[in-house]
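These are my notes from a slow walk through one structure. I jotted down what I looked up, in the order I got curious.

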Amino acid sequence: MIDADALRLALLRADPKLSKFNPLPRILCFDDFDNGVNGWCELIGNTDGNLDNMARYVRDFHPAQLSTCTYFDQGTHGPMSGTYALKAATRPVPDHMAVLCKRLTWQDLGPVQMEMYFSYKSEWNFEPVPEGGREWDGNYHPSEAQFGDIMIGNDIQIDDEGRRTHCALRYVNADAQGNLIRRWKYKTSLQVTRRTIRDMFPDDYLEHPLEDFQVQDPADWEDVPDGYQPLCYNEIPSKVNWHYLRWVFDIGRGRNVELQVNDKVMDLRDIPVPVHDSPYWGLARLLNLEINVRTRVPVRNFLYVDSLLISADW
């Protein structure tokens, strides 16, 4: 008698593209960015058809790019495999975010897993190191403290009553003062939506600036237990090293489950995830996934994704 689980595992391990992942039973998407952006689009704001009526905080999240990871000193670095990586790039403006999302719907109230191989870099900045900053010593490079953070998240409808929530995890590499933090965090308040910004700032909601639209207040982030994790920056801004990430969340329970980055596994089941008080219309079975990068200083920040796999247990 054929052992179905053993056969499935053998097939996965025999495929050089899939063998580097550990998917749940049903593979929903395998995004090899040699074949395009695979539906990862810029997050855009809601409007009434007039783009002048788009809220300021969502006007410029930058579209997805395909990149060969090119640098001035070595030419084309290239991704982990193949030719192209997905690239999200900020402007050189403090607190600017590049936000990409993939828009899906779910088939059952069960676990979903996102895996990816990623790297992150600051743009090479030839300006002098700010006063009080740490100079390059042949190992440490000041651009490491000029990279802000990356985030993975979702936007999900968790029942037939229209309840909506956002699981989100952020890796904070450095703060706006250039202090290295290198820690995973989770948010404690809801993402700002068009509806909530109208409620929060009725007099100027279209033009009201937001430092961090992921939360109601920029301070609404808490440390993931055992979430300290230095990643591999590798001395200068043009050396790209790839990291493995695996994130599991449960739609039915509206919660994070587990995060693995390289060899580090973090249990997230006890981390609270806030839910919107009122239901949202038109979002039946919503399953959106998000990746973003944010700079805290006037230096462009980049997030690269070599390949990405989304799987589910339903």
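Is Asn 38 buried, exposed or partly exposed? I looked it up, bearing in mind that this is a predicted model. Asn 38 has a relative accessibility of 24%, so I wrote it down as partly exposed. I found this residue in the loop between strand S1 (26–32) and strand S2 (41–42).

**Entry: another positive phi**

I went on to Glu 235, which is not a glycine either but has a positive phi of about 75 degrees. Glu 235 sits in the loop between S13 and strand S14 (243–250). With 27% relative accessibility, Glu 235 goes down as partly exposed.

**Entry: Lys 102**

Asn 38 turned up again when I listed what Lys 102 touches. Leaving aside neighbours within four places in sequence, Lys 102 is in contact with residues including Cys 29, Asp 31, Asn 38, Gly 39 and Trp 40. Leu 287, Asn 288, Leu 289 and Ile 310 are also on that contact list for Lys 102. Lys 102 lies in strand S7. Its relative accessible area is 7%, so I put Lys 102 down as buried. I also noted a polar contact of 2.9 Å between the side chains of Lys 102 and Asp 31.

**Entry: strand S14**

Next I wanted to know about S14. How many residues of S14 are buried? Eight of the eight are, so S14 is largely enclosed by the rest of the structure. I checked each face of S14: His 243, Leu 245, Trp 247 and Phe 249 are buried on one side, and Tyr 244, Arg 246, Val 248 and Asp 250 are buried on the other.

Then I looked for the strands that pair with S14. Strand S8 (residues 111–122) pairs with S14 in the antiparallel sense over eight bridges. Within that pairing I picked out Met 116, whose bridge partner in S14 is Leu 245. Strand S15 (residues 255–261) is also antiparallel to S14, with six bridges. Here I noted Val 248, whose bridge partner in S15 is Glu 258. The hairpin of S14 and S15 has four residues between the strands, and Gly 254 takes a positive phi near 60 degrees there.

**Entry: Asn 262**

I moved on to Asn 262, in the loop between S15 and S16. Asn 262 has 30% relative accessibility, so it counts as partly exposed. Apart from neighbours within four places in sequence, Asn 262 is in contact with His 243 and Tyr 244. I also looked up its separation from Glu 135: the two C-alpha atoms are 29 Å apart, and the residues are 127 apart along the chain.

**Entry: salt bridges**

I kept the charged pairs for the end. Side chains of opposite charge can pair when their charged atoms come close. I got a count of 22 salt bridges, and I followed a few of them.

Asp 95 and Arg 294 meet in a salt bridge through their side chains, at 4.0 Å from N to O. This pair links distant parts of the chain, 199 residues apart: Asp 95 is in the loop between strand S6 (85–89) and strand S7 (97–105), and Arg 294 is in strand S17 (residues 286–294). Asp 95 is partly exposed at 23% relative accessibility, whereas Arg 294 is buried at 4% relative accessible area.

Asp 160 and Arg 285 form another salt bridge, with the closest N and O atoms 2.7 Å apart. This pair also links distant parts, 125 residues apart: Asp 160 is in the loop between strand S9 (149–157) and strand S10 (164–165), and Arg 285 is in the loop between strand S16 (264–267) and S17. Asp 160 is exposed, with a relative accessible area of 59%, while Arg 285 is partly exposed at 31% relative accessibility.

Asp 223 forms a salt bridge with Lys 185, where the closest N and O atoms are 2.4 Å apart. Asp 223 lies in strand S13 (residues 221–228) and Lys 185 in strand S12 (residues 180–187), so the pair ties together parts 38 residues apart in sequence. I have Asp 223 as partly exposed, with a relative accessible area of 36%, and Lys 185 as buried, at 17%.

Methods:
Residues numbered from 1 in each chain as written. Predicted model: local features only at pLDDT ≥ 70, side-chain atom pairs only at ≥ 80, totals over all residues. Heavy atoms only, no water. Helix = DSSP H or I, 4+ residues; strand = E, 2+ residues; numbered from the N terminus. Buried < 20%, exposed > 50% of the residue type's maximum accessible area, 1.4 Å probe, protein only. Pairing = 2+ DSSP bridges. Polar contact = N/O pair within 3.5 Å; in protein donor to acceptor, adjacent residues only side chain to side chain. Contact = heavy atoms within 4.5 Å.
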